[in-house]
Each structure stands twice: as C-alpha cells, then as structure tokens.
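The entries follow the order in which I went through it.

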Number of protein chains: 2
Amino acid sequence: MLNRIGNQTLVFKNKPRVIGSYSVVGPKEGQGNFGKFFHKVLKDDLFGEKSYEAAESKMLLCAINGAIENANINKDNVDALFAGDLMNQIISSSFAARTLEVPYFGLFGACSTMAESLIMGACHVDGGFARYAACATGSHFSSAEKQFRYPLELGTQRPPTSQWTVTGMGCTILGLAEKGISIDYATIGKVVDWDVTDANNMGAAMAPAAMSTLKAHLEDTGKSPDDYDLILTGDLGKLGSEILIDLMEYHGYKLGTNYNDCGQMIYDNTQKTFMGGSGCGCGASILNSYVYTRLLKHELKNVLFIATGALMSTVSSQQGNSIPSIAHAVSISIGGKDV
Amino acid sequence: MLNRIGNQTLVFKNKPRVIGSYSVVGPKEGQGNFGKFFHKVLKDDLFGEKSYEAAESKMLLCAINGAIENANINKDNVDALFAGDLMNQIISSSFAARTLEVPYFGLFGACSTMAESLIMGACHVDGGFARYAACATGSHFSSAEKQFRYPLELGTQRPPTSQWTVTGMGCTILGLAEKGISIDYATIGKVVDWDVTDANNMGAAMAPAAMSTLKAHLEDTGKSPDDYDLILTGDLGKLGSEILIDLMEYHGYKLGTNYNDCGQMIYDNTQKTFMGGSGCGCGASILNSYVYTRLLKHELKNVLFIATGALMSTVSSQQGNSIPSIAHAVSISIGGKDV
C-alpha cells in the first residue's frame, strides 16, 4: 500500500499529531515581531556558556527538553530524535543528543531542516516505527557568522541582499492522538540550482527550490494556493519571497495575502537585518510558537510550511560552485479534515 | 501497530529487499583485500576532477547511478535518496543529488551513515512511503585529511593509533520484492561519549557506541551473537575492535570468529594504514560489494552490520570537547526467514 500521491508527496493516513512544541530565541529575536509568542527569550545569547557553539547546542537541548515537557511525556517515550543544524558536522545536534540519550538520527538540510525533521518524524510515527518522535533544529547568529562569513570582531559591512541568521531553536514532538494539530501531507524536495553564486543572496538561491517544491505539492495534491490559510516559507527573506511570488505567477499560480515568509516576518523593520532572517532557527522558532498557537486557537486551519535550505559550504563556494538549494513542504492542519 | 521491539529496535514486517547495489573505490582500496569485490576501482582518485571534493561527489554519484542500473530500475522510480558524507555541509551528497534530481534527504551520521541511510530507506519502503529508496554514502581520503587533519602537502607524520580514511562509496537500492536479501531489523543508536579526546584514536572513541548498540540489539531481539554468521562493525579499526570485544565480554557476550570490522579488513597489512580503514566509505564499500555478494551466494545467511560514527568537528575538538559517537545496527539476511 503506497502512502504517496503524485511524484513527490507523502500521505500520512494515521495523521501524526503535534503533541508538544517549544521555541527558544536570542534577545534580538525577542525584540522582533514574535517576541510574545516564543516560549523562552534569552537575555544573553551566550546562555551562560563560553562559546557560541556551546550556547547553540544548549539552546537546542533546551528546546527539545521544553517540547518533551510541553507534550507531557517522559523522554524515555521519545523513540527517535531527528535533528540537525548549520554547524560543521552538526555538532549542536549531536552534543544535545549526547545529553538526551535517546535514539538519534542526525540530519543535514541546512535551513530546510525543520521540515526535513518533521517529515522523518511523521514517517516514523505514521509507519509505527516510533511512538513519539522529536523533530528539532535551530541556528545561532554568532556561530554561523564565524563559520560561514567573518568573525564578528571584524565588524564587516553587510551587503544589502544579506539576511541575518536567527538565533533560535524549535522542537516539535509528534505522536498519535485523537485530536489536535495533524501532519497530513509532505512534499519531499529535489535539489535545484539556478547558478546563483552569491552567498550573500541566499533568498535568490533558494527561491527556485521553493517554487519547485510548492509547484510539485500543488500538482501532486490537486490543491490550489487558496486552499491554505497560510503558505509559509522558511527563510527566503524579502527579496527571495518576491522572487518566489514572481516564479509562481510565471507558472500560473497566484500567491495572495495568504503567503508569507518567516525570514521576512521575524524582525522589526527597525532592526537593520536588510532582507530579514535566515537560518534553520528562523522557520523552526516561528512554526513551533506562532503557527501552532494560531492553529490551536483555530485562527488558522490549514498551513503549508515550506522550509528552504542552501546546501553550499565555504569550500564549495571558494571553489567557484553555485549554491544548490532544496525545499521540503509539510501540510499541517487542525480540525480533523479528512485527507 | 508498533513496528518495534525492546527499546531501540525496529522490525520491518514487509521485509524491504536489496534490489541493487554498487561500490566504487580509489586505487589504494583496489589494491587491498577486497579489490576483486568492488564494482569499480579508480586508477586516479581525482576521477578527472580538479579538486578532491569534486572527485568525492562524482564518485558518490557514480555509486548511486551504478546501484540504480544494477537494480534495473529507472531513476524516476527512486522515490527518495538518503545520503550523507563527511564534508562540511555534506556537499558531496548535495551536489550528487543536484545532478540526480530525485527527492532527497541529507543525513549526517559521520561514519555511521551507511547504516543510518539503510534504516531510513527501510522505514520508507516498509511504511509505503517509497517504492524504491537509494541509500548512499562515502568518503575520500584526501578531502577528509584536508578538512579534519592536515593538508597532504605537509607530509605530517601519522600517529600509530590513526586510521586511514577510505576513498570509497557505496549505494544500496531498497524496494519490495518476493525474494533476495532483506532488511529485517534495525537498532537505532544513542550518542555515547566516554571522554576520548584524541581525534587520532577514533576506534577508542567509537567502540563504546558500538557496544551500546550491539548490546541493545541483542537485548531487544533476544538474539545471541552466535545467531549471526557475521557481525560486522563499520570502521573501529584494529584497536577499536579489540576494545569492543573486551567491552562485550565485560557485559557477558562473547564475540567469536563471526565478528569482524571493515576498517580492520579493508587494507592489506603491507599498506601502512596503522589501525586500518575509517570513513563512511569503509563500511559502505564493503557492505555493497563483499557482504551482499556472499549473501547472494548463500555463503552468509545472517549479517549484523553496525556502522559507527564519531560526531566531532574540528571546532568541537579545538574547544576541548571529547568525541561523541554513535552506532546504528542493521540486521540483514537471505533466505526468507520469518521475522
């Protein structure tokens, strides 16, 4: 029995539910547009640690433990943790998993990781391979700048197309339940590369991948963009989301006011982040706070969450390669609509 | 219906089968003990490319395409590619996936990735989320040395506990079929860290993780080590596998002549690799050639493949952290034994 429709879309017949969630962000994100939605806002983004890398891992652990507590389960009930991050060899996730001591799968999908982990978790819960799955990711501005761009101490000027890596984490606990927010479909992305080489213009690099996956999702499910109350990309930023709107229009789909982008939304306009937020933590922190909260209040009924990732490394860029990108989509609803 | 037994073990009731496989290795590996088993041995480990990173990605693509051809399917039938590697941001996998244009999940499990990808693929095939899944990984000596240790040009002396990163790739295609090699169980690892800080002694760092997963597998399934014709760890090397034997003995399990380690086996004693091979490609290339070949000839009936990964990065090591490790186990058989 194949749980798929079309070319790239999975159908979750047992409707894995969001049993718990948690978000933790840095001070700048707390001062942004979603400050009141996040579960925890840090006063200091070092979080009591000596390095930003250690702080990032501690924040991720905090998000996972927070979601387990929010789900009102014991960590021994978590049959699988699916987690990844932006650090080389995803050390933030692996060091968090070391403390948690639960069965662990490390993922790398760059900023698409929140959707990737949700898809993995939904497959494991839906297929009976896990009672509860923890799906987690996040990013930290200071560790990402150091690894991908310049040390903060240099005070390097940022180009106008740049985005600001979100210091934030999110975790969702999935399990089977009678009611609540459910994961209905997922569309797995293919790698798309339109020859963008500017690592300071990630929105432009990732927009074609978002288009590819959104188009595949609509074709596979027979839905139109209007069937969703909210179509939310992870972190295309202002420029990237404008490009996505244009690309979808070219393919005959009109994205209206029900479309938005976490990168575009997360910071206040006064916060000088140019094109907005980016990083795994951007979509992860907003999904696990604002989106689920509005779904639980029935202010939203159907959400298509599309997390986008730029899959380059500093080495691939230094060797002159363009930026391969990917987007995974997860269809999330409340109200027990039949699939 | 829960497809699990014990605390960490999955049961694949629909018995996903190995439909195809392929291995490609560098010249040194071709001269080692398994030269005649590998599908392709390169004459030059640059594989016609200008960088070792590009060569690594091309080799991985070659392995995936080879396995698809060996499975006698079209790449459009591959519903999901699960792949990862050792490079920062797993560029080898993502660039290979860019050319392939199939739905793609990036993984990071360090040298445990062959088992991680097999588990993911088996879950997707068993759960009806994929008709065919491609599970692939690999490593390249020269790119790994450059990233994790020293540039080759320095000619740095290697310590006696060091292992040699295998230049090799492997890919398995899983699908449902009436007969053939089947994936029966998988035991998902937890992160284990016994405070080893020496990145030139990976065997010692990873042996406790192998012990943890092997012990969990035996407890969960009620099997004894003797139930397997071959228990094969991924790349503990000579020292690491001796430590594993000791640790298992401490816990009351005797590993006999049916236990071996890919890292220990892959090179000839004259090849000056000290403790033997390591890297994702070590277990991947041997599993996808020698092990499947012997299973298909019924020279082996039941194999437990345990791939081990050291989850540190250069940054985590430079900051004084120890090396968290993980091992995933996959139980593979031929002969259609009932689960």
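**Conventions.** I am working with a predicted model, in which local features need pLDDT of at least 70, side-chain atom pairs count only at pLDDT 80 or more, and totals for chains, interfaces and linings use all residues. Residues are numbered from 1 along each chain as its sequence is written, while chains are lettered from A and ligands numbered from 1 in the order in which they are written.

**Whole chain.** I looked up the secondary structure of chain A and found 10 helices and 15 strands, where helices (H or I, at least four residues) and strands (E, at least two) are DSSP runs numbered from the N terminus. For its 339 residues a compact globule would have a radius of gyration near 20 Å, and the 18 Å of chain A agrees with this; the radius is taken over C-alpha atoms, and the globule rule is 2.2 Å times the number of residues to the power 0.38.

**Domains.** The domain assignment of chain A, which is automatic or from a database, gives domain 1 (4–175) and domain 2 (182–333). Their C-alpha centres lie 17 Å apart, and the contact takes 59 residues from domain 1 and 60 residues from domain 2 of chain A, with contact meaning C-beta atoms, placed from the backbone, within 7 Å. On the side of domain 1 that touches domain 2, helix 4 of chain A gives the most, with 7 residues.

**Partner chain.** I then turned to the other chain and found 51 residues of chain A in contact with 51 residues of chain B. Helix 3 of chain A supplies the largest share of the side that touches chain B, namely 5 residues. By class, this side of chain A has 25 nonpolar, 16 polar and 10 charged residues; Ala, Val, Leu, Ile, Met, Phe, Trp, Tyr, Cys and Pro count as nonpolar, Asp, Glu, Lys and Arg as charged, and the others, Gly among them, as polar.

**Helix 3.** In helix 3 of chain A, 9 of the 10 residues are buried, among them Phe95(A) and Arg98(A). What covers them includes helix 2 (52–70), strand 5 and strand 6 of chain A, together with helix 10 (314–318) of chain B. Glu101(A) follows this helix with a positive phi near 55°.

**Loops of chain B.** Ile90(B), in the loop between strand 5 (78–85) and helix 3 (91–100) of chain B, has a positive phi of about 35° although it is not a glycine, and it counts as buried because it has 30 C-beta neighbours inside 10 Å. Glu101(B), in the loop between helix 3 and strand 6 (104–106) of chain B, has a positive phi near 55° and is partly exposed, with 14 other C-beta atoms within 10 Å.

Helix 9 (residues 280–296) of chain A has 17 residues and reaches 23 Å from its first C-alpha to its last, close to the expected 24 Å (1.5 Å times one less than the number of residues). A kink of about 40° is centred on Leu287(A), the bend being the angle between axes fitted to the seven residues ending there and the seven starting there. Since 14 of the 17 residues are buried, helix 9 of chain A is largely enclosed by the rest of the structure.

Definitions and conventions:
Buried ≥ 20, exposed ≤ 12 C-beta atoms within 10 Å, placed from the backbone. Contact = placed C-beta atoms within 7 Å.
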